[in-house]
Amino acid sequence: MGSDAEPSSESVKPKSLILARLTSEDVKPLLGSEPYFAQGKNAGELADSTVAALESARLHGPPIAFLGLLEPDTGDRIGNVLPSSEFSAKADPASIAARIKGSPFFALDVTKLDKAEVDQVLHACSLAKRGRSLEFIDGRAAMGHLTQVDSAIFAEARTLVDWNSRIRYCAGCGSPVYSQWAGWKRSCSSLLPWTDNTGKEPCPTATGLHNITFPRTDPVVIAVVVSPDNNKIFLGRNQRWPPKFYSALAGFVEPGESLEDAFERELWEEAAVKVWNIQFHSSQPWPFPANIMAGFYAIADPDVPIKLDLDNELEDAKWYTREEVLAALNSQENDPAFKLPPRNALAGVLIRDWAHGRVVVGGKSQSEVAHHIDEGETKPFRNFF
């Protein structure tokens, strides 16, 4: 991806980046021997279809993950859905494939491939032949410029690539693992039909379902707290953040907690702030490495003293007025009074929606707010995608 966009203020729309979609033919030199899935013991061998441990297994070549099918927009939001009965073992795969409409997407991990080999493929791909310039850039910088579909593709791809690269050993018995189900399962190598398991206890993953073998997503609450009159917002800064950077408080959901419980706990642990009127806004996948961000608003009393010495995670926390936040968002100076999260992060969306009057926390219900939209009053909560 690439762009000639300049740094922008809130009033300037940044130029778009485009997620490069390379065809299977483009990347074929990097894939290794066929078959690409359902591989046997040796490269180039097709696995026995009756062996469950080899279903869509990839044992040779760089990691690949199937991301799904981008179906054509039929206008009915249903798509060309086929019932599971259509995929029985007795059916002809070619006839089934012919009935599936849409474009399959895959993620290819080129991290461990030779850079010169990858560059050669990029320079020779169909996009390059049409005059497009391709480059690798930081995912966080790109997400704010991508379309909704491209953002979803990138988030899924990065999460699966990261998960497959990190999970290298079985949590049940410690044996190496391999990719199965087209990148959606990490299976224990002790289950492969040619593995010698003499003298070993059977791996616990040999029977039943186990969450240790499937991709994980860790929930995080993004906690935006405002005053009862909705004119102030509570923001903090972590000790490790860049200078002058402030954001909403956030934290991982712990075992046994609801999302609302995690919200209350984080505010109390980090700043001794008691909240009420917790209201959900929206969520966002955040593939760095594998999180789902759940954004909430709540009310708190700005006159209650703030305490930062309970867990010493925050360097500073304070209440800002709406005018101060708007000034920071609209500032075109290189050195504003304080900095806020970008629009591609859920915290940045929550702060902007509050600052621009697009949400009301407490006081009015969403239905009451919606009733007055035609009269030019505040709009109700919305998903930011």
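A residue is called buried when its relative accessible area is under 20%, exposed when it is over 50%, and partly exposed in between (1.4 Å probe, protein chains only). The model is predicted, and local features therefore need pLDDT of at least 70, side-chain atom pairs count only at pLDDT 80 or more, and totals for chains, interfaces and linings use all residues. Residues are numbered from 1 along each chain as its sequence is written, and side-chain values use heavy atoms, with hydrogens and water left out.

Aromatic contacts were examined with a distance rule. Rings of Phe, Tyr and Trp (its six-membered ring) pair if their centres lie within 6.5 Å; planes under 30 degrees apart count as stacked, over 60 as edge-to-face, and the rest as tilted. The count by this rule is twelve aromatic pairs. In one of these, Phe-66 and Phe-106 are tilted, with 5.1 Å from centre to centre and 50° between the planes. This pair connects distant parts of the chain, 40 residues apart, since Phe-66 belongs to strand β1 (residues 64–70) and Phe-106 to strand β2 (residues 103–108). Strands (E, at least two residues) and helices (H or I, at least four) are DSSP runs, numbered from the N terminus. Phe-106 is partly exposed at 42% relative accessibility, and Phe-66 is also partly exposed, at 29%. A tilted pair is likewise formed by Phe-234 and Trp-319, at 5.3 Å centre to centre and 50° between the planes. Phe-234 lies in strand β6 and Trp-319 in strand β10, so this pair ties together parts 85 residues apart in sequence. Both of these residues, Phe-234 and Trp-319, are buried. Ring pairs also join Phe-37, Phe-66 and Phe-106 into a cluster.

Charged contacts were considered next. A salt bridge is a side-chain nitrogen of Lys or Arg within 4 Å of a carboxyl oxygen of Asp or Glu, and the structure holds 13 of them. Glu-315 forms a salt bridge with Arg-237, in which the closest N and O atoms are 2.7 Å apart. Glu-315 lies in strand β10 and Arg-237 in strand β6, so the pair links parts that are 78 residues apart in sequence. Glu-315 is partly exposed at 45%, whereas Arg-237 is buried at 6%. A further salt bridge joins Arg-216 to Asp-218, with the closest N and O atoms 2.6 Å apart; Arg-216 is exposed, at 52% relative accessibility.

Among the buried residues of α7 are Phe-263, Arg-265 and Leu-267. Within this helix, Glu-269 and Arg-265 form a salt bridge with closest N and O atoms 3.2 Å apart, and the two lie four residues apart, about one turn of the helix. Salt bridges with shared partners join Glu-254, Glu-257, Arg-265, Glu-266 and Glu-269 into one network. The helix is followed by Ala-272, whose phi is positive, near 60°.

Finally, a disulfide is a pair of cysteine sulfur atoms within 2.5 Å, and the count by this rule is zero. The sulfur of Cys-173 is 3.4 Å from the closest cysteine sulfur, that of Cys-188, which is too far for a bond. Cys-203 is likewise in no disulfide, and the nearest cysteine sulfur, in Cys-170, is 3.5 Å away.
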